[in-house]
Amino acid sequence: MMKDQTVKADAGKPRVSLVPSAIVRCIAPVREYGNDKYPEGGKDNWKKVDPERYIEAFYRHVLDFAEDPYSRDEESGLPHLWHAACNAAFLCELLDMTEEKDLLNSCDHQDFICDQCIHEDQAPMGTPCYRCRNSCTSFFIPKVKE
């Protein structure tokens with residue numbers, strides 16, 4: 001069901017409420033630790049670091065987490081998983097994802113239907129693609145090709 005866009009135009013915007021809030025709660029202490037450790041440059045000093053260094057840090061923390069899911073970083077005392085999540089967040093922000101954005105913007109909508117319409121031959125008019133979520137109000141899955 002398409003929601004009225006005349007009062008609040010939110011079609012095509014990501015539904016951030018779908019993101020588990022625990023990720024924010026896990027990253028926040030890592031950010032606080034980093035801000036205390038590296039106070040020069042202010043709260044956005046992490047943006048001045050080469051992404052390659054975050055890739056290395058992410059990988060180290062993921063390896064430690066894989067060996068022991070409850071392991072903690074020796075220096076900060078915080079879980080390696082939290083550090084990995086923080087590094088992943090930095091990378092999501094810093095890396096140029098132009099190719100992926102172009103893919104989302106060029107999607108043709110023809111091969112995707114609403115999960116509520118999976119048994120129908122074709123999706124109702126205006127059904128958006130699950131990749132770009134254009135006017136999306138529910139989860140969309142690939143249409144099964146026969």
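Here are some questions and answers about this predicted model.

A word on the ground rules: residues are numbered from 1 along each chain as its sequence is written. Because the model is predicted, local features need pLDDT of at least 70 and side-chain atom pairs count only at pLDDT 80 or more, while totals for chains, interfaces and linings use all residues; side-chain values use heavy atoms, with hydrogens and water left out.

User: In what order do the elements of the protein run from the N terminus on?

Analyst: Helices (H or I, at least four residues) and strands (E, at least two) are DSSP runs, numbered from the N terminus. The protein has four helices and two strands. From the N terminus on, the order is α-α-α-α-β-β.

User: What share of the residues in the protein is buried?

Analyst: A residue is buried when its relative accessible area is under 20%, exposed when it is over 50%, and partly exposed in between (1.4 Å probe, protein chains only). The protein has 146 residues, and the buried share of them is 25%.

User: Is Tyr 54 buried or exposed?

Analyst: Tyr 54 sits in helix α2. Counting contacts as heavy atoms within 4.5 Å, and leaving out residues up to four places away in sequence, Tyr 54 touches Trp 46, Val 49, Asn 87, Phe 90, Leu 91 and Leu 94. Its relative accessibility is 9%, so Tyr 54 counts as buried.

User: Which residue's backbone oxygen does the side chain of Tyr 54 reach?

Analyst: A polar contact is a pair of N or O atoms within 3.5 Å; within protein, one must be able to donate a hydrogen and the other to accept it, and residues adjacent in sequence count only if both atoms are side-chain atoms. For the side chain of Tyr 54 the distance is 2.7 Å, and the backbone oxygen belongs to Trp 46.

User: Where is Ser 71, and which residue's backbone oxygen does its side chain reach?

Analyst: Ser 71 lies in the loop between α2 (51-67) and α3 (80-94). With 14% relative accessibility, Ser 71 counts as buried. Beyond its neighbours within four places in sequence, Ser 71 is in contact with Asp 64, Phe 65, Pro 79 and His 80. At 2.8 Å, its side chain reaches the backbone oxygen of Asp 68.

User: Which residue forms a salt bridge with Lys 37?

Analyst: Side chains of opposite charge can pair when their charged atoms come close. Here a salt bridge is a side-chain nitrogen of Lys or Arg within 4 Å of a carboxyl oxygen of Asp or Glu, and the structure holds two. For Lys 37, the closest N and O atoms are 2.6 Å apart, and the partner is Glu 75. This pair links distant parts of the chain, 38 residues apart: helix α1 holds Lys 37, and the loop between α2 and α3 holds Glu 75.

User: How many disulfides does a search of the whole structure find?

Analyst: A disulfide is a pair of cysteine sulfur atoms within 2.5 Å. Cys 86 is buried at 3% relative accessibility, whereas Cys 92 is exposed at 64%. The number of disulfides found in the whole structure is zero.
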